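The following note sets out some points for a colleague who has the structure at hand.

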Amino acid sequence: MPMSSPSEIPSPSSPRPALPIAALALVLALAGCASGPRDDLSLVPAQLDQQTSQEGLFTQPVKWSRERPGCRGECPKLTVDSLAFPGHPRLTELVDHALAAMTWVDAQSAAPYDTLDGFEAYYWKTAGSRDEVRLTARTRYRNERLTVVELDAGQYRTGMAHGMTGSQLLNWDNAAEKALTIDNLLAPGARPAFDAALRAEHARWLDQHADAIDNRDNFNRMWPFAPSDNVGLTDLGVLVKYQPYEIAPYAWGQPELLIPYDRLRGILRPQFLPPQS
């Protein structure tokens with residue numbers, strides 16, 4: 001399939017196609033509010049994900065694949081493998097809106113749609129014969145108080161050397177029914193300390209890759225460390241996920257770094273740290 005065949009890798013000086021994650025971040029921020037959850041209740045229990053997920057929100061699959069109606073021969077394709085959260089319409093709607101926002105690639109203008117239904121109607125009118133879009137949502141972590149959803153969008157446009165991909169992590173407070181931004185998760189004034197912890201984890205990650213080890217100075221020059229707001233809470237620590245080209249070549253995919261909770265005490269707000277044994 002076109003989206004999974006990176007047969008041509010652009011050079012570092014080439015334009016780096018990416019989905020409009022900044023626009024999606026605005027969608028998620030608007031879904032939250034300025035105040036954070038209570039400080040006297042840990043939203044991250046000490047148990048592992050396999051135990052806590054049984055107490056998390058119930059999910060139902062939203063899954064379908066279609067070609068442009070009435071098309072014959074080579075036709076554009078749209079595939080959705082998403083989730084609905086029965087009894088939690090705000091989260092269900094947010095996932096739908098966020099996935100739609102991830103399809104828009106023109107940073108200079110607003111998308112003419114804000115739902116997947118709206119995107120589908122627009123897509124059939126504008127898609128080329130070999131265009132393909134794949135949108136997915138899955139839970140990365142959940143317990144009775146938190147739901148962390150990973151949103152992924154892959155798009156191949158007719159004539160491209162390879163597809164564009166992008167991901168966004170959504171942290172949802174089940175009780176307050178709101179999205180949590182990184183500012184909600186970090187203690188006041190702790191962003192520099194968080195970035196330092198992320199930089200240290202990035203260095204450990206590079207130590208595991210031969211391409212970076214062979215010539216670290218050259219690798220760092222071409223693919224320098226970058227901070228990120230794309231974070232998700234897990235049972236083991238804070239997951240940070242990068243887009244293609246952000247900190248590594250396209251062939252490396254979408255790198256993930258995990259900062260263990262024991263390195264984030266004093267950096268995360270107390271309610272986002274598991275209880276100490």
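How does arginine 204 count by relative accessibility: buried, partly exposed or exposed? At 33% relative accessibility, arginine 204 counts as partly exposed. The model is a predicted one, and the points below should be read accordingly.

1. Arginine 204 pairs with glutamate 201 in a salt bridge, and the closest N and O atoms are 3.2 Å apart. The two residues are 3 residues apart in helix α6, so about one helical turn separates them. Glutamate 201 is buried, at a relative accessible area of 13%.

2. A second residue of α6. Aspartate 195 is also placed in helix α6, which covers residues 191–206. Aspartate 195 counts as buried because its relative accessibility is 19% and the cut-off for buried is under 20%. Apart from neighbours within four places in sequence, aspartate 195 is in contact with Phe225 and Pro227.

3. The side chains of arginine 191 and aspartate 229 form a salt bridge of 2.8 Å, N to O. Arginine 191 belongs to helix α6 and aspartate 229 to the loop between α8 (216–222) and β7 (231–233), so the pair ties together parts 38 residues apart in sequence. Arginine 191 is partly exposed at 25% relative accessibility, and aspartate 229 is partly exposed with a relative accessible area of 48%.

4. Helix α4. The buried residues in α4 (residues 116–126) are Leu116, Phe119, Glu120, Tyr123 and Trp124. Viewed down the axis of α4, these buried residues fall within an arc of 130°, so they line one face of the helix. They pack against β1 (60–67), β2 (77–84), α3 (89–101) and β3 (132–142). The face turned away from the buried side carries the exposed residues Asp117 and Lys125.

5. Glutamate 120 meets arginine 66 in a salt bridge of 3.0 Å, N to O. Since arginine 66 lies in strand β1 and glutamate 120 in helix α4, the pair ties together parts that are 54 residues apart in sequence. Arginine 66 is partly exposed, at 38%, whereas glutamate 120 is buried, at 12%.

6. Disulfide. The whole structure holds 1 disulfide. Cysteine 71 and cysteine 75 form this bond, with sulfur atoms 2.1 Å apart. The torsion about the S-S bond is about -95°, so the disulfide is left-handed. Cysteine 71 is partly exposed at 26%, while cysteine 75 is buried at 11%.

Note on methods. Residues are numbered from 1 along each chain as its sequence is written. This is a predicted model: local features need pLDDT of at least 70, side-chain atom pairs count only at pLDDT 80 or more; totals for chains, interfaces and linings use all residues. Side-chain values use heavy atoms; hydrogens and water are left out. A disulfide is a pair of cysteine sulfur atoms within 2.5 Å. Buried means under 20% relative accessible area, exposed over 50%, partly exposed in between (1.4 Å probe, protein chains only). Helices (H or I, at least four residues) and strands (E, at least two) are DSSP runs, numbered from the N terminus. The arc is that of the directions from the helix axis to the C-beta atoms. Contact means heavy atoms within 4.5 Å. A salt bridge is a side-chain nitrogen of Lys or Arg within 4 Å of a carboxyl oxygen of Asp or Glu.
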